[in-house]
Amino acid sequence: MTASTVTLQSKANPQQLEAILATDGPVLIIAGPGSGKTFTLVERIVYLITHKGVAPESLLVVTFTDKAARELTTRISNRLAELGIQFNLNEMYLGTFHSICLRLLEDYREFTRLKRSFTLFDQFDQQYFLYQRIKDFRELPDAQLVIGGDQLGRWAQSENLLKWLNKVSEEAIDPATLAAAPEVEIRALAACFNKYQDLLHENNSLDFSGIQYEALRLLEMCPDVLAQLREKLTYLMVDEYQDTNTIQERILLLLAGDKRNLCVVGDDDQGLYRFRGATIRNILEFPALFDEGQCKRVTLSVNYRSHPDIIRFYNEWMREQTWDDGSRSFRFAKQILPREGDFPDMPTALRLTATDNKDETTNWHAEVLAFLKVLNASGKLTDWNQVAFLFRSVKNEKVVKLARFLEAEGVPVFSPRSNMFFEREEIRLMIGALIFLFPQFPKVRAWAEGVTLPIWDYYDQQCFTAFTTELRKPENKPLLD
Ligand SMILES: Nc1ncnc2c1ncn2[C@@H]1O[C@H](COP(=O)(O)OP(=O)(O)OP(=O)(O)O)[C@@H](O)[C@H]1O
């Protein structure tokens, strides 16, 4: 290792350093929570640029969100500036799968079905497009098995259709395979999908789930384009690999080609997006995609963020779970370690178990509140923001009831994903006031006859009616004078 390499990653621990320096061939980095995954990725990219002479435009870096992409760009720029190196990162292929695939489609548009200034649909545009053309689908043999009967109405039928069409493109299922299926409904779906593709083509449009689908087709159908891209993109890196789906894996493997300079980073313990077609199979089986011993595996196991008690709790809890079905394992065995150094001496992880399930909800809520109050009274809690609850789903009735109970008892709750925002009285009244101020709203929103959306009931019943009832109260009379 040269002196400059040492300066470059002076802070890196031995596992991180191993991951940074492992540039060639397939690499799997299993990064536990808070283990410096982003730090390692940044250093690896900087190392490739500064020590391996790789041009930024030869790097393809995939993140899971636009926010993560922005953070990574900032951290790389800062790191390069710190080292006194000037590079233009704009040329780097850095972004989400969707943004990178869209860029590929734009760069190589003449090889795709898209023409200049194509329209990109969001989900609403896509449904509206289907809604306007639902007649074309109704005419297809057995279409009602996919879109539902005509009595449902055009809007509901277009919603069903959209769901199925997106599944086909998200999973990159070959329509010819669907068309040859023994099940009549699958064959009907194939016909709907082909029709939809024709309509998109005619209208020079692309929908969100079609971005990856079209990019995959481009790479599969145009060997010249693929060869050019392979020549250009020499190092590939993917963050949050446990959240990728099959189509994304196919795109990556195609781009990686024979060089296979593909580094994937993730944590099989943090797979979140199974409902979107993501499969932790991708990360678990990544090493098996290559010949025995070809894929380097590095595990980042030092956690720089949490107290050792929390880490111990995590390790114990993970150990108690079953991770195999007898023949296959669904987890890479690992143990997270706390960083070295001092930690405050206070309890950080407690486990409460309750066996009393009589009148469970009331007792449970009251016990949680009592516990919070004790912590508050003892001075251990100085701000309600120091408390976090983790649940499988915040929309679960039991959880919503807990939030309501705590709010009623004066403990404010922030739970934006539970839809409780729109149930708050002040929010309902505010929306009601806006509808009151713009009486043309109900007419404007119905862009075609017979169209209704479930949310309108909420506007009309929960917001507008609530607001006018409030307004009619005698104490509010002066407002109308
Ligand atoms: N080798 C190291 N020595 C000291 N601190 C480190 C080291 N590596 C990472 N850190 C610190 O650990 C913290 C977490 O790092 P980073 O944000 O890169 O983690 P991460 O693994 O991406 O986190 P997440 O769990 O959110 O995915 C940061 O404050 C970072 O500076």
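Me: In this predicted model, at what angle do helix α9 and helix α11 pack?
Reply: Two packed helices are described by the angle between their axes and the distance between the axes. Helix α9 covers residues 154–170 and helix α11 covers residues 184–202. Their axes lie 10 Å apart, and the packing angle is about 85 degrees.

Me: Is α9 roughly parallel or roughly perpendicular to α11?
Reply: The angle is about 85 degrees. Angles of 65 to 115 degrees count as roughly perpendicular. So α9 is, relative to α11, roughly perpendicular.

Me: How many residues of the contact of α9 with α11 are nonpolar?
Reply: From α9 come L161, W164, L165 and V168. They meet L189, C192, F193 and Y196 in α11. No polar and no charged residues take part; the nonpolar count is eight.

Me: How many residues of the contact of α3 with α4 are charged?
Reply: On the α3 side are T38, L41, V42, I45 and V46. On the α4 side are L72, R75, I76, R79 and L80. The contact has seven nonpolar residues and one polar; the charged ones number two.

Me: Is α3 parallel or oblique to α4?
Reply: The axes of α3 (residues 37–51) and α4 (residues 66–82) come within 10 Å. They cross at roughly 55 degrees, and the crossing is right-handed. That angle makes the relation of α3 to α4 oblique.

Me: Why do the buried residues of α5 line one face of the helix?
Reply: In α5 (residues 97–107), F97, I100, C101, L104 and L105 are buried. Residues three or four places apart point the same way, because an α-helix has 3.6 residues a turn. Seen down the axis of α5, the buried residues therefore line one face, within an arc of 140 degrees.

Key: Residues are numbered from 1 along each chain as its sequence is written. This is a predicted model: local features need pLDDT of at least 70, side-chain atom pairs count only at pLDDT 80 or more; totals for chains, interfaces and linings use all residues. A residue is buried if 20 or more other C-beta atoms lie within 10 Å of its own, exposed if 12 or fewer, and partly exposed in between; C-beta atoms are placed from the backbone. Helices (H or I, at least four residues) and strands (E, at least two) are DSSP runs, numbered from the N terminus. The arc is that of the directions from the helix axis to the C-beta atoms. Axes are lines fitted to C-alpha atoms, for helices over the stretch in contact, and angles run from 0 to 180 degrees between N-to-C directions. Angles under 35 degrees count as roughly parallel, over 145 as roughly antiparallel, 65 to 115 as roughly perpendicular and the rest as oblique. A crossing is left-handed if the near helix is turned anticlockwise from the far one by less than a right angle, and right-handed if clockwise. Two residues are in contact if their C-beta atoms, placed from the backbone, lie within 7 Å. Ala, Val, Leu, Ile, Met, Phe, Trp, Tyr, Cys and Pro count as nonpolar, Asp, Glu, Lys and Arg as charged, and the others, Gly among them, as polar.
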